[in-house]
Amino acid sequence: MGVDSHQSSVASRQSPTVTGSQILCRALLEQGVDVLFGYPGGAIMPFYHALPEYPQLRHILVRHEQAAAHAADGYARASGRPGVCVATSGPGATNLVTGLATAHMDSAPLVAITGQVSRSMLGRDAFQETDIIGITQPITKHNRLVEDVEELADAVREAFQVAQEGRPGPVLLDVPKDVQNQRGVWTGGQAVRRSGGQFVRHRTDRPTALEQAARLIADAQRPLIMAGHGILLADAYAELRALAERTGIPVITTLLGISGFPASHPLHLGMPGMHGEVHVNRAIQQADLIIGLGLRFDDRVTGNLASFARGARIIHVELDASEIGKNVPVAVGIHGDVRVVLQQLLQLVARRDCDGWREEIETFRHSREEHFRGGLSPEVILDSISRTTGRCTIVSDVGQHQMWVAKLYPYQHANSHITSGGLGTMGFAVPAAMGVALARPDEPVWAISGDGGFQMNMQEIATMVQEGIPVKMAVFNNGYLGMVRQWQQFFHERRYSATPIWSPDYVRLAQAYGIAGWRVDHSDQLEECVQAAVAEPGPSLIEFTIEQEANVFPMIPPGGSLSEPIEGDPAPLVPA
Amino acid sequence: MTASQAVAVLLEDRLVTFTRAVGLIRRRNLPVSSLAVGPTTTPGISRLTLMIDSDSSTADRAVQHLQKMVGVRAAIAFAPSEGVTRELALVKLRAPHDRFAELLDVAQLYQASIVDESPESVILELSGSEAFVLSCLRALERFEIIEVARSGTVALGSGTDLQSGTTP
């Protein structure tokens with residue numbers, strides 16, 4: 001556009017001739033941003049006034065700011081580049097909070113830009129003023145109120161750097177309206193001025209630690225690899241596979257580590273923890289060495305810490321030094337990028353096998369751990385989606401279906417499973433899938449939700465229609481908030497308090513939005529509808545009516561030991 | 001073993017950086033018994049000292065969290081026995097005229113000095129470790145203490161130099 005063609009002359013002249021909003025747009029372009037998710041409002045209007053001058057910045061108008069943050073999160077996880085979301089001050093900014101916390105817990109690089117009331121109004125409880133810096137301090141990696149136009153370009157550069165380096169995370173920039181209007185000089189291509197925050201510090205003791213780790217790996221009789229989100233974030237797929245194949249050590253993938261290692265690989269065991277397979281948790285409890293790669297030994301993975309892997313020594317490789325030894329005591333802690341550390345470790349690790357140990361683990365396996373009572377089971381649905389769609393990305397929501405999608409779907413491709421792990425945010429899948437679809441325009445994206453989570457953000461179908469985002473939506477409808485109902489069944493005397501949930505007619509809902517929709521009640525309709533949904537060029541929706549009281553098995557009771565799974569429905573209550 | 005640990009942080013002297021650092025400690029649910037902040041010899045940089053009632057590994061983890069923060073230049077944790085910890089106290093009290101000599105005796109014992117005097121009260125200034133200050137305050141309880149202002153503990157490690165970023 002005309003404004004940009006004068007860039008060099010603007011920079012060389014002393015007189016400031018661009019607005020803060022134009023600087024903001026240029027700084028976003030400088031960072032390689034091509035899409036932003038947002039919602040306009042009073043305090044961000046100068047930014048939206050400038051935006052049409054920069055058509056390279058594609059703006060996606062969401063229907064709720066929470067969706068903007070989740071979509072930016074999905075975009076970031078799928079592309080590896082920071083996702084950007086924009087909101088106005090006050091309610092616009094506070095609506096981002098859940099999305100920021102989700103990204104913070106799952107280490108997704110995000111840059112959020114919020115409008116703020118003008119500087120002269122700050123602190124006076126002005127209309128739509130809220131202290132978003134104070135509110136988001138504990139759920140962002142960094143945040144900053146930009147107090148002058150002269151800081152603006154640097155603040156954007158710093159935000160992108162901080163969001164991406166080390167362990168990624170969300171960064172929020174709060175820009176007062178008058179700073180957006182303030183005139184300043186745009187100077188492109190400047191280096192970032194940073195103050196503190198050491199995200200990657202290399203420890204001098206690493207060679208010793210690597211040698212110790214290699215020795216432990218050589219000596220172990222019952223070793224396991226536990227691979228987490230760090231494998232995906234560090235692009236360490238090949239290195240993980242090389243370590244596993246050289247040593248024969250079985251690989252466990254945590255919820256966020258799924259698709260870090262091919263599910264069909266003979267060394268792949270499955271998911272550990274609260275809903276992990278019995279043989280996986282049993283292997284952990286019998287192991288004498290656990291090699292933790294890019295994970296944080298979260299409580300959903302370990303169960304009761306006092307009884308977690310008591311016979312195992314733990315090697316913990318992690319980019320965030322503060323995670324090492326936080327939850328489990330480690331024999332060897334290696335602080336660094338998982339990929340780099342694995343490359344170094346591979347030079348020290350000798351070829352070996354674990355055949356005896358793997359045979360032992362096989363004896364732990366149950367033939368079938370889910371207990372579906374026929375009809376349309378999650379297993380059959382996921383099998384159909386997988387066979388029909390081929391290579392695609394699966395974005396799941398939170399609840400029972402999330403566990404089925406984690407455990408039953410055959411993930412073959414790197415980074416093909418995206419979910420809200422740490423925060424467990426219901427309503428994540430639909431908006432996050434929009435971000436994934438924009439980051440990966442050449443492959444199908446499925447958003448798989450329960451009937452509860454879907455209704456939390458189903459307004460985003462309108463966004464998909466308006467922007468032409470072809471997400472395939474699957475709703476697993478059991479008429480309950482299923483995971484909460486399962487807990488009520490197991491631990492709360494089967495008192496289904498506030499868990500039965502009514503749904504609209506999803507087929508007619510789809511029609512109302514002008515997209516294709518189907519309801520599948522029986523397995524004989526399954527193939528046809530899934531094929532039609534995949535063939536649909538735009539967004540499409542399938543409601544799957546599943547068994548109302550299906551449960552996720554096995555299950556470790558909250559705070560329980562991995563050694564004591566629940567493997568079947570509790571006995572029915574006998575009326576007194 | 002749980003004992004007090006000193007955590008010293010060099011950070012930008014902006015309120016937002018200070019609240020972020022303190023908020024981080026609060027969010028991690030660490031038991032803070034003392035907090036002090038003041039300027040350093042470097043313009044724009046403050047020194048924050050926290051006393052945390054925890055074992056050394058907990059304090060070390062707090063340091064690792066702080067080191068990740070934008071605006072933090074350096075952070076370090078050490079046991080009070082590995083350095084010097086001091087706090088300053090100002091004590092305003094009333095002593096009857098006939099017991100003024102007794103007050104001076106107590107002040108001398110604790111190397112406290114009278115820094116302000118009015119017809120109704122005096123202000124004593126004293127400094128030392130937290131235990132020393134508490135001991136002195138107990139000794140002064142025999143007089144009528146009107147108000148006490150304590151600075152919170154500041155600390156310097158004897159073997160490590162935070163300013164140059166050398167951490168254990």
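Trainee: Why does Glu211(A) count as partly exposed?

Mentor: This is a predicted model, so the value is computed from predicted coordinates. The relative accessibility of Glu211(A) is 44%. Buried means under 20% and exposed means over 50%. The value lies in between, so Glu211(A) counts as partly exposed.

Trainee: Where is the place of Glu211(A)?

Mentor: Glu211(A) sits in helix H11 of chain A. Its C-alpha atom is 9.9 Å from that of Val332(A).

Trainee: What does H11(A) give to the largest nonpolar core?

Mentor: The core has 57 residues. Its largest share, six residues, comes from helix H11(A), residues 206–219.

Trainee: Which residues have the most contacts inside that core?

Mentor: They are Ile231(A), Ile284(A), Ile290(A), Leu293(A) and Phe308(A). Take Phe308(A). Leaving out residues up to four places away in sequence, Phe308(A) touches Ile284(A) and Ile290(A), among others. Its other partners include Met226(A), Gln285(A), Phe297(A) and Leu562(A).

Trainee: How many residues are in the second, separate core?

Mentor: That core has 51 residues, including Leu100(A), Ala108(A), Ile133(A) and Ala447(A).

Trainee: Now the helices. Why are H5(A) and H7(A) called roughly parallel?

Mentor: Their axes make an angle of about 25° and lie 7 Å apart. Angles under 35 degrees count as roughly parallel, so H5(A) and H7(A) fall in that class.

Trainee: Which residues of H5(A) and H7(A) make the contact?

Mentor: H5(A) brings Gln66(A), Ala69(A), His70(A), Asp73(A) and Arg77(A). H7(A) brings Thr98(A), Gly99(A), Leu100(A), Thr102(A) and Ala103(A). By class, three are nonpolar, five polar and two charged.

Trainee: Which hand does the crossing of H5(A) and H20(A) have?

Mentor: The crossing is right-handed. On the H5(A) side, the contact residues include Ala67(A), His70(A), Gly74(A) and Tyr75(A). On the H20(A) side, they include Pro431(A), Met434(A), Val436(A) and Leu438(A).

Trainee: How many residues of each class does the contact of H5(A) with H20(A) have?

Mentor: There are 10 nonpolar, four polar and no charged residues.

Note on methods. Residues numbered from 1 in each chain as written. Chains lettered and ligands numbered in written order. Predicted model: local features only at pLDDT ≥ 70, side-chain atom pairs only at ≥ 80, totals over all residues. Heavy atoms only, no water. Left-handed = near helix turned anticlockwise from the far one by under 90°. Helix = DSSP H or I, 4+ residues; strand = E, 2+ residues; numbered from the N terminus. Contact = heavy atoms within 4.5 Å. Nonpolar A, V, L, I, M, F, W, Y, C, P; charged D, E, K, R; others polar. Core = buried A, V, L, I, M, F, W, Y, C linked by side-chain atoms within 4.5 Å. Buried < 20%, exposed > 50% of the residue type's maximum accessible area, 1.4 Å probe, protein only. Axes fitted to C-alpha atoms, helices over the stretch in contact; angles between N-to-C directions. Parallel < 35°, antiparallel > 145°, perpendicular 65-115°, else oblique.
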